[in-house]
Protein chains: 2
Amino acid sequence: METEDSMGAEAMVTEAPDDYDGLRMLLLSRRESMPKRLKQLAAFALEHPEDVAFGTVAGIAEHAGVQPSTLVRFAKSLGYDGFSHLQQIFRDRLRERFPDYRERLRGLRDAGGHHVHAVSLLEGFTNAAAVSLERMRASVRPEELSRAIETLAKADTVYLLGARRVFPVIAYCAYAFGKLGIRAILIDHVGQLGPEQLAIATKRDAVLAISFTPYAPVTADLAAAAAQRDVPVVAITDSAFSPLVTNADVWLEVAEADFGAFRSLSASFALAMALAVGTAEKRAEG
Amino acid sequence: METEDSMGAEAMVTEAPDDYDGLRMLLLSRRESMPKRLKQLAAFALEHPEDVAFGTVAGIAEHAGVQPSTLVRFAKSLGYDGFSHLQQIFRDRLRERFPDYRERLRGLRDAGGHHVHAVSLLEGFTNAAAVSLERMRASVRPEELSRAIETLAKADTVYLLGARRVFPVIAYCAYAFGKLGIRAILIDHVGQLGPEQLAIATKRDAVLAISFTPYAPVTADLAAAAAQRDVPVVAITDSAFSPLVTNADVWLEVAEADFGAFRSLSASFALAMALAVGTAEKRAEG
DNA sequence: TGTATATTGGAATTTTTATTCCATTTTTGT
DNA sequence: ACAAAAATGGAATAAAAATTCCAATATACA
């Protein structure tokens, strides 16, 4: 029989939590003292619990960028018999979780917590986002989407135009286009230099403009100026009455839902990302 | 090579649904015409889908009161390669609770449109967003959310910190806080002036920092510098191993789902908005 | 800087799990 | 009730997966 001494590095302590929360806690507390690969695995496990629940040792190892044996070591270092034992914890968690979120709220309220309000705000925004996504799903016209992608794919450089509320979306486009190797310029209008930033656009480029009510005048103005010079304009906006529509070669409608005074941006983001990736793929295929 | 004749009883039809709903339907429609043991299994599978998702052939067989081989036969009679293939359907269902978009896609494809690909990209991103939202719903800890709001509400000025991928979120925070009458400063790090922009923060202010893998070093560095000077730090990040966690007074975890190479930001946005509005309300009430 | 110790990668091995095959039983059609 | 076909049980086999082990590498410590 094995003595404690003989167990060496794989030795474990008395822990080995039998539920996910406990495991999570343990991982958190050990985080600092873990060696590189084990820490890497811990991070992976907490980020992708579902992959751990369903995957095989080999699959997970590849995904997480470690060796299969590391998974077993990881499990043992936490006090489990082996990987399979650890995996059980992740599976159990998935089994039991389908408590409706209404349930959650009610539970909180009953417990008399004063955190209810914070959570209900979050639920509100979450819900607005989900509604927006669902709406877009139903309303986007496939051929317009294709045309928008074609327009962007033909462009030499894409100029990104969006202000105020939708600036985040256009800023993200700058990130995504860059990642995808598509030349894109974010018109941030610093120092009111928007017109100058856009001045170099030619008809071989394209403008991607976003604007929702209340339409920021800069966006419409700059888009109009570009269109004037025959630069193709792709617009994302929230109604046919938007000032962008007049100057756009293709336009896509997105109606975001709101909660309180704030509108979601989820659908716009999803659409922007689809445009970006679609453009990259179209270019790749010729 | 096997001929159709030789396949005998194990022969299959052209079906083999690739999602749970389709499978369910198939099972229901076949119910009458199935032999005893297979019917028994069909009933068991619909009653205990989770057992089927997680169990082994031997385990499930025992549970359902049949032989292991019957499970394989069952799967094949439905058109799958074997039990493992069938089990995949049950696992997928548990992974993401939004398998319906596949359905939509299939519909489009059947209709023969050549805009399918564009739409499927959009569906992919939409789906990732919805999954992210749903996950956050299940994982956010109410008391942490409350604490984050309290911290921000006590602050004189909120400094907003976020780079690269998450810059859009923090940019939106700047917009929202401003609208709500909360003094907030966006650390945009123009000209590498981040440290100077943050230098004026005191312990009576607060930092709201966001960072996801791969963590942009600036964000962690600036947050650490602030924490050093006792400025309270509220962090939004994607794992307990984030460098932000060490320096944060309160941190909230958000695990965004991805599609292709891009991660959603929907959950982060919803959370940021809840923080902003929650902060404003907390201030209003006292 | 050199040595002891801990960590890691990867192939070899063992264990578990799915699948196949065939003899036996049950059902179906006449 | 009989023959033919289908279904079933269960052992044998094949495939896949987890685990172990050891050499190579990295890290910590003196």
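How many residues does the contact take from chain A and from chain B? The contact takes 55 residues from chain A and 50 from chain B, where two residues are in contact if their C-beta atoms, placed from the backbone, lie within 7 Å. Helix H8 of chain A (residues 116-139) provides the largest share of the side of chain A that touches chain B, namely 11 residues; helices are DSSP runs of H or I with at least four residues, numbered from the N terminus. By class, this side of chain A has 37 nonpolar, seven polar and 11 charged residues. Here Ala, Val, Leu, Ile, Met, Phe, Trp, Tyr, Cys and Pro count as nonpolar, Asp, Glu, Lys and Arg as charged, and the others, Gly among them, as polar.

The model is predicted: local features need pLDDT of at least 70, side-chain atom pairs count only at pLDDT 80 or more, and totals for chains, interfaces and linings use all residues. Residues are numbered from 1 along each chain as its sequence is written, while chains are lettered from A and ligands numbered from 1 in the order in which they are written.

The largest nonpolar core has 144 residues. Such a core is a set of buried Ala, Val, Leu, Ile, Met, Phe, Trp, Tyr and Cys residues joined through C-beta atoms within 7 Å. Among the residues with the most contacts inside this core are A:Ala270 and B:Leu271. Leaving aside neighbours within four places in sequence, A:Ala270 is in contact with residues of both chains, including A:Leu133 and B:Phe125. A second, separate core of 24 residues includes A:Leu27 and A:Leu38.

The DNA strands remain to be described. Around DNA strand C there are 20 residues, and A:Ser69 and B:Phe83 are among those that come nearest; a residue is near a strand if its C-beta atom, placed from the backbone, lies within 6 Å of it. H5(A) gives the most to this surface, with four residues. DNA strand D is surrounded by 19 residues, with A:Phe83 and B:Ser69 among the closest.

Note on methods: Helices (H or I, at least four residues) and strands (E, at least two) are DSSP runs, numbered from the N terminus. A residue is buried if 20 or more other C-beta atoms lie within 10 Å of its own, exposed if 12 or fewer, and partly exposed in between; C-beta atoms are placed from the backbone.
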